[in-house]
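Here is a predicted model to question. Each term below is set against its rule.

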Amino acid sequence: RSKKDFERMKKEKLDWELPRKFLKLLYKEFENNNNFYGLSMLCEMEGHRLGDEAVIYKDKNKLKEMEETYNKSVAFAYKCKSYKHLFTPYYWSGSYFAKLGETKKAIKYYKLTFEQAEKYCPDSRDGYIYKLAICAKYIRDKDGKRWNSFCKTYKKNSKNKCVKKLFEKLDVFIGNLKGK
């Protein structure tokens, strides 16, 4: 979410119970039909809401639920080979953990984002590179001791177009983030 939209959400104190009832019905329908892509999408959507609530209300229970929900999204993505959803939920988990100052968990999920992107990122579109740049910057800033080893591993050994492209111009991409 943009900062402006996030501030709006905080002011409005949104009630997500009715949409959640609908999502549960849809979830059951998708589950009955083995619609793993739909289940992956629903889990990612719910993970976003839980992450927003965790940040707004500083709620550790919502944060744990968010983590479990994003991990379910990835599990469903494996079943239907939805490559995008094999790494982006980890990015979102890392982002919410970072927002709440949960550095170890943020690093864990940002590194998982890289591991999975290396295997599954389908192309090198700007949005994917942007996400990886945010992960890289956070890892560099918060896990400096291991940064060089991490960086060297991906810079030398990456076979994925997106990851390669990021590491070819890493300083440029990280520099463009300006305080993110």
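**Helix packing, an aromatic pair and a pocket**

Q: How is the crossing of α3 and α4 described, left-handed or right-handed?
A: In this predicted model, α3 makes a left-handed crossing as it passes α4.

Q: Why are α3 and α4 called roughly antiparallel?
A: Their packing angle is about 160°. The cut-off for roughly antiparallel is over 145 degrees. Therefore α3 and α4 count as roughly antiparallel to each other. Their axes are 8 Å apart.

Q: What classes of residue make up the contact of α3 with α4?
A: That contact has 12 nonpolar, six polar and seven charged residues.

Q: What makes Phe-97 and Tyr-109 an aromatic pair, and why is it called stacked?
A: The ring centres of Phe-97 and Tyr-109 are 5.8 Å apart. The limit for a pair is within 6.5 Å.

Q: Why does the pair of Phe-97 and Tyr-109 tie parts together?
A: Phe-97 belongs to helix α5 (residues 88-99) and Tyr-109 to helix α6 (residues 103-120), so the pair links parts 12 residues apart in sequence.

Q: What lines the second largest pocket?
A: The second largest pocket holds about 350 Å³ of space. It is lined by 14 residues, with Lys-24, Glu-46, Glu-65, Thr-69 and Lys-72 closest to its centre. α2 (17-32), α3 (36-57) and α4 (60-80) each give two or more residues to the lining. By class, the lining has five nonpolar, one polar and eight charged residues.

Note on methods: Residues numbered from 1 in each chain as written. Predicted model: local features only at pLDDT ≥ 70, side-chain atom pairs only at ≥ 80, totals over all residues. Heavy atoms only, no water. 1 Å grid on protein atoms, 1.4 Å probe; cavity = no way out; pocket = protein on both sides within 12 Å on 5 of 7 lines; lining within 4 Å. Points joined across faces, edges and corners; volume = space filled by probe spheres on them. Helix = DSSP H or I, 4+ residues; strand = E, 2+ residues; numbered from the N terminus. Nonpolar A, V, L, I, M, F, W, Y, C, P; charged D, E, K, R; others polar. Axes fitted to C-alpha atoms, helices over the stretch in contact; angles between N-to-C directions. Parallel < 35°, antiparallel > 145°, perpendicular 65-115°, else oblique. Left-handed = near helix turned anticlockwise from the far one by under 90°. Phe/Tyr/Trp six-rings, centres within 6.5 Å; stacked < 30°, edge-to-face > 60°.
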